Amino acid sequence: SREIHLAARPQGWPTPADFRTVDVDLAEPGPGEVLVRNTYLSVDPYMRGRMNDVKSYVPPFALDAVMDGGAVGEVVASGSDRLQVGDTVLHQAGWRTHALLSDRAARKVDVSQLPASAYLGALGMPGLTAYVGLTRIAEVREGDTVFISGAAGAVGSVAGQIAKQLGAAKVIGSAGSADKCAWLTELGFDVALNYKDAPIGRQLREHGPVDVYFDNVGGDHLEAAMFAMADHGRIAACGAIADYNADAPSPGPRNMMMIVSKRLTLRGFIVTDHGDAASDFYRQAGGWVADGSLTWRETVVDGIDSAVDAFLGLHRGDNTGKMLVRL
Ligand code: NDP
């Protein structure tokens, strides 16, 4: 069995030297335990924050220990009466080919209707994040104009489709390539802006006013959105990926006074505080998947030895939809 450990705390952009590959012997599951052969690992932007030794909403990764995070796999040996060999499970034991887990730490998922990988993406944590941000944080209403940054990513692509289902009149997305923008249009976004073509503020100006901004990026995107917001607009602050690998925090938006003059609401959220929204989300998403109004893409990188590269690729924008490592 092979694992990826965090070997050093990166400064700015992580490099392969910040990680270490470790081979370990497989153990047999004891009573109440299962041995899982992982099939997909998730690489997620929040993992960058966990590489820093700072207090945050999740504890930092320990040095010289496995990078944990979402994964799906198949039970290959079981000492549990809850999970059987052959079951597909979702767990948080992260970047390793095999995981020995308590059966309480693994949740069986139904792969008769959906591929296992969907539970790491559109029908998993990123999908729930999109749902919570729109329904609970920004409270999207019928007729709203909604702007979503990072729109061709795991969270953003689902958010755009859900916004339409919630009755948004116009959904605007921003992403970093023409191909990504073409996909957004296929998904039903009304406007797709390539922020690398021209400053996002200048492009967005033509398409406002914006009632709801779902912020995945921060930085220039947040400032641009504040300029484009309608009075009483609502901003769901989901992430700030433009800053995650910066050596120093970037300057804040220069137009903070617009929060006052436009009576804006800016509200941050962390999806794990909203586990009670999950059953609603799965019920609704099940319907949207069945009638074709929720679809997704994955960018898949093969092999545990590619996990670090997949993680870095996520920050470079190599992914369309959810970035995954397939084992
Ligand atoms: P994505 O699948 O969206 O991947 C990250 C994307 O960010 C890249 O594909 C890239 O696309 C874009 N990006 C990278 N750098 C920049 C930049 N400087 N400016 C603009 N875009 C950039 O990741 P996720 O969907 O998993 O996560 C999206 C956001 O949601 C992140 O900020 C993440 O931290 C946040 N998040 C928050 C949660 C919460 O509970 N609050 C839970 C889950 C995610 P492009 O080519 O378009 O640049």
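**Close-up 1. The loop that holds Pro209, between helix H5 (200–205) and strand E11 (210–215)**. In this predicted model, Pro209 is placed in the loop that runs between H5 and E11, and the peptide bond joining Gly208 to Pro209 is cis, with an omega of about -5°. Most peptide bonds are trans.

**Close-up 2. Glu139 in the loop between helix H2 and strand E8 (145–148)**. Glu139, which lies in the loop between H2 and E8, has a phi near 50°, a positive value in a residue other than glycine. Most residues other than glycine have a negative phi.

**Close-up 3. The crossing of helix H2 (residues 125–137) with helix H8 (residues 278–290)**. The axes of these two helices come within 10 Å and cross at roughly 100°, which makes H2 roughly perpendicular to H8. From H2, the residues Gly127, Leu128 and Tyr131 take part in the contact, and they meet Ala278, Phe281 and Ala285 of H8. Sorted by class, the residues of this contact between H2 and H8 comprise five nonpolar, one polar and no charged.

**Close-up 4. The crossing of H2 with helix H3 (residues 154–165)**. Here the axes of H2 and H3 come within 8 Å and cross at roughly 45°, and the two helices are therefore oblique to each other. H2 passes H3 in a right-handed crossing. On the H2 side, the contact is made by Pro126, Gly127, Thr129, Ala130, Tyr131, Gly133 and Leu134, while on the H3 side it is made by Ala154, Val155, Val158, Ala159, Ile162 and Ala163. The contact of H2 with H3 consists of ten nonpolar, three polar and no charged residues. Gly127 and Tyr131, listed here among the H2 residues that meet H3, are also among those that meet H8.

**Close-up 5. The shell of residues around the ligand**. Of the 29 residues around the ligand, those that come nearest are Gly153, Ala154, Gly176, Gly239 and Gly317. The elements that give two or more residues to this shell are H2, H3 and helix H9 (307–316), and H3 provides the largest share, with three residues. Ala154, one of the residues that come nearest to the ligand, is also one of the H3 residues that meet H2. By class, the shell around the ligand divides into 16 nonpolar, eleven polar and two charged residues. Both domain 1 (2–121 + 296–326) and domain 2 (125–272) contribute to the shell, with at least three residues drawn from each.

**Close-up 6. The contact between domain 1 and domain 2**. The chain is divided into domain 1, which is made up of 2–121 together with 296–326, and domain 2, which covers 125–272. The C-alpha centres of domain 1 and domain 2 lie 28 Å apart, and 17 residues of domain 1 are in contact with 17 residues of domain 2. On the side of domain 1 that touches domain 2, the residues divide into four nonpolar, ten polar and three charged.

How values were computed:
Residues numbered from 1 in each chain as written. Predicted model: local features only at pLDDT ≥ 70, side-chain atom pairs only at ≥ 80, totals over all residues. Axes fitted to C-alpha atoms, helices over the stretch in contact; angles between N-to-C directions. Helix = DSSP H or I, 4+ residues; strand = E, 2+ residues; numbered from the N terminus. Parallel < 35°, antiparallel > 145°, perpendicular 65-115°, else oblique. Contact = placed C-beta atoms within 7 Å. Nonpolar A, V, L, I, M, F, W, Y, C, P; charged D, E, K, R; others polar. Left-handed = near helix turned anticlockwise from the far one by under 90°. Near = placed C-beta within 6 Å. Domains from an automatic or database assignment.
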